[in-house]
Amino acid sequence: MKTIELFKEDFIELFMPDGIEYISTILANIGYTYKNESSSSAKKHGLEVIEKLLELDLIEVFYWGKYDDKLKDLTFSNSEIINKIDSLWAVGMHGPDFYRMPMFKYKNWYLDALKKEGLTQTTNWKTFVKEKIGDLEKWIEENRPKNTNHNN
Amino acid sequence: MDYIHDNPVAAGFITQATQWKYSSARNIARVDPAIEIFRMKVVLPTVVGTRSRRATSNTIRIVKTNSPITKARELFNSLTKHKIGNLIDDGNGVLRANMGNGNYINYRQSSASTSNFPATISLDFRAAGIWTKVRNVKFIAP
C-alpha cells in the first residue's frame with residue numbers, strides 16, 4: 001500500500017485518536033462494512049494499513065485480546081507484530097470476533113501533538129484537520145520525534 | 001409450537017413464555033430486532049442526548065456526569081435488560097451483551113479504552129443495518 005492512499009480524505013477518521021481501537025474499527029474507517037469485513041480482501045487491506053501505521057511510528061498494540069496473557073510481556077518488531085496479527089486473524093472473522101483480538105492505540109507523541117495543536121474531546125475531527133492541520137501526512141512527518149527509527 | 005412454549009407458563013414457573021430461559025420462544029421473539037433498534041435510535045438519544053455532546057466524530061458522544069462509571073453501568077444494564085443469555089466477559093474490563101441477530105452492546109472500563117474515559121458504551125448495531133459504524137457513548141466526570 002502506498003502512503004498516499006492511507007491519507008486520502010475517505011480514510012481521515014482512521015487518524016482520530018479513537019480511530020484504530022479494534023481491528024473492526026480500522027476496517028470501518030477504511031470503508032469496510034459488517035457485510036464485507038470478514039473477506040480476504042478486508043484482511044489483506046487491514047494488515048497493510050496496520051503495517052503502514054506501525055512503520056510511521058504512529059500506533060502500538062494496546063492489548064493483545066484473548067492472547068494477552070501469552071504476549072503482553074514480549075517485545076516484537078513491527079514485522080513480527082504484523083506476522084503475529086496475520087496468524088491470529090482468520091479470514092471469516094467478523095463483528096464480535098474482533099472484540100477478542102488485539103487492540104491498538106495511537107502513540108503518545110501523536111496524541112500530545114494533536115492536543116498541543118488544540119484538539120479537545122469535543123473538537124470535530126474533520127474540521128480540525130482541515131483548519132488546523134492541513135496536510136496530515138506532512139504534519140505527522142514534522143511532528144514525529146526525530147530520534148525514532150520508524151522504518152523497522 | 002405455542003403449546004410447547006406455554007408449558008412452563010402452565011406449570012407456574014413464569015408468567016410469559018419468553019421468560020423461560022430454555023424456551024425457543026425467546027429467540028422467536030427476537031427474530032425482528034425492531035424493538036432494539038427503536039431503543040437505540042429513540043430511547044438512547046433521549047437518555048443521553050440532553051446531557052451529551054458530540055465528540056470528534058458523529059460516531060462518538062460524550063456524557064459528562066458525576067459518577068461516570070456508575071451512570072454508565074446503570075445505562076448499560078438498562079439498555080441490555082433484554083439481552084440473550086448472560087453477559088460475555090471479553091477480558092480487560094469489557095462486558096458484551098448479545099442483543100440478537102449479530103447485534104451487541106459493550107460496556108468498557110478505562111482499561112479497555114485508549115482514550116482514557118472512565119467508561120464507554122459501544123453500540124454495535126451494524127448487523128441490523130441502522131449504522132455502518134459502531135456508536136460509542138463515553139462517560140466522563142465534569
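Me: Helices (H or I, at least four residues) and strands (E, at least two) are DSSP runs, numbered from the N terminus. How many helices and strands are there in chain A?

Reply: This is a predicted model, in which local features need pLDDT of at least 70, side-chain atom pairs count only at pLDDT 80 or more, and totals for chains, interfaces and linings use all residues. Residues are numbered from 1 along each chain as its sequence is written, chains are lettered from A and ligands numbered from 1 in the order in which they are written, and side-chain values use heavy atoms, with hydrogens and water left out. Chain A has eight helices and two strands, in the order α-α-α-β-α-α-β-α-α-α from the N terminus.

Me: Why is P145(A) called partly exposed?

Reply: P145(A) lies in the segment after α8 (136–143) of chain A. Its relative accessibility is 26%. Buried means under 20% relative accessible area, exposed over 50% and partly exposed in between (1.4 Å probe, protein chains only), so P145(A) counts as partly exposed. The C-alpha atoms of P145(A) and D57(A) are 9.3 Å apart, although the two residues are 88 apart in sequence. Of the 152 residues in chain A, 51% are buried.

Me: How do you know that β1 (residues 59–63) of chain A and β2(A) pair?

Reply: The two strands are joined by four bridges in the antiparallel sense. Two strands pair if DSSP finds at least two bridges between them, so β1(A) and β2(A) meet the condition. Within this pairing, I59(A) stands opposite Y106(A). In β2 (residues 103–106), M103(A) and K105(A) point one way, F104(A) and Y106(A) the other way, and all are buried.

Me: What makes the largest cavity a cavity, and which residues lie closest to its centre?

Reply: On a 1 Å grid over the protein atoms alone, a cavity is a set of points where a 1.4 Å probe fits but cannot get out, whereas a pocket is an open set with protein on both sides within 12 Å along at least five of seven lines; lining residues have an atom within 4 Å of a point. The whole structure holds one cavity of 30 Å³ or more. The largest cavity has about 220 Å³ of space, and 19 residues line it, with D18(A), T25(A), T59(B), V134(B) and N136(B) closest to its centre. Helix α2 (23–29) of chain A and β7 of chain B each supply at least two lining residues, and α2(A) gives the largest share, four residues.

Me: How much space lies in the largest pocket, and what lines it?

Reply: The largest pocket has about 490 Å³ of space; a volume is the space filled by probe spheres set on the grid points, which are joined across faces, edges and corners. Its lining has 23 residues, and P17(A), L111(A), K115(A), Q121(A) and S115(B) lie nearest the centre. The largest share, four residues, comes from α6(A).

Me: What is the area buried between chain A and chain B?

Reply: Buried area is the accessible area (1.4 Å probe) that two parts lose on being put together, summed over both. Here the area is about 2500 Å², with 51% from carbon and sulfur atoms. On the side of chain A, Y34(A), Y99(A) and Q121(A) lose the most area to chain B, together 27% of what that side buries. The contact (heavy atoms within 4.5 Å) takes 27 residues from chain A and 31 residues from chain B.
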